[in-house]
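This briefing looks at charged and aromatic side chains, grouped by topic. Please keep the sequence and the coordinates at hand while reading.

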Amino acid sequence: MLHPTLFEQDVRLLGHRWSPRVHELKRFLARSGVRFRWFDPDIDGEAEIRRIVAEAGPTSQKFPIVILPDGDVLSDPDVETLAERLGLPTEPTLTLYDLVVVGGGPAGLAASIYAGSEGLRTVVVEQDLPGGQASYSALIENYPGFPSGLDGSDLARRTVEQAERFGVEI
């Protein structure tokens, strides 16, 4: 079966399409902005899956299987383990903050920018990718400072960059 070219930094997720665990991992990877390719034994064929797993090295072969860009194989990992292995932040770096912002949507990120610009030690706690639902919008025309509008993912990226410039931890 032919697949688009895998990039070296792609994560590979192997598992059945009806598996709730596969859907949980796919959602996590997508919302975290991690590039990944999903292979389903029912679609891609068991032989193709066995070939991919064999190339990755020994594993228990308990689905879902995640093959990391460095070649490490995780068998049925939980989301926290996968996040840690991908180098995504899962724990705060400080023990004390002046402000904790719960939710990394546009309002939460804007609040963190204001706090960070005033020198407050600020952390934004967000379960998924910062930007919230707005990051999925094709065009946002009602956000101040952008009279021509911009797409939601661009707004989210710019806002996160600005917050991090002020020392905000996300």
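Y143 is partly exposed, with a relative accessible area of 26%, where partly exposed lies between buried (under 20%) and exposed (over 50%), with a 1.4 Å probe and protein chains only. This is a predicted model, in which local features need pLDDT of at least 70 and side-chain atom pairs count only at pLDDT 80 or more, while totals for chains, interfaces and linings use all residues. Residues are numbered from 1 along each chain as its sequence is written, and side-chain values use heavy atoms, leaving out hydrogens and water.

**Aromatic pair**
- The structure holds 1 aromatic pair (ring centres of Phe, Tyr or the six-membered ring of Trp within 6.5 Å; planes under 30 degrees apart are stacked, over 60 edge-to-face, the rest tilted).
- Y143 and F146 form this tilted pair, at 6.5 Å centre to centre and 35° between the planes, and F146 is partly exposed at 23%.

**Salt bridges**
- There are 9 salt bridges (a side-chain nitrogen of Lys or Arg within 4 Å of a carboxyl oxygen of Asp or Glu).
- D76 pairs with R21, the closest N and O atoms being 2.9 Å apart; D76 lies in the loop between β4 (73-75) and α4 and R21 in helix α1 (residues 20-31), so the bridge ties together parts 55 residues apart in sequence, with helices (H or I, at least four residues) and strands (E, at least two) taken as DSSP runs numbered from the N terminus.
- R157 and E161 meet in a salt bridge of 3.0 Å, N to O, and both lie in helix α6 (residues 152-165), 4 residues apart, about one turn of the helix.
- D154, R157, R158 and E161 are linked in a network of salt bridges.
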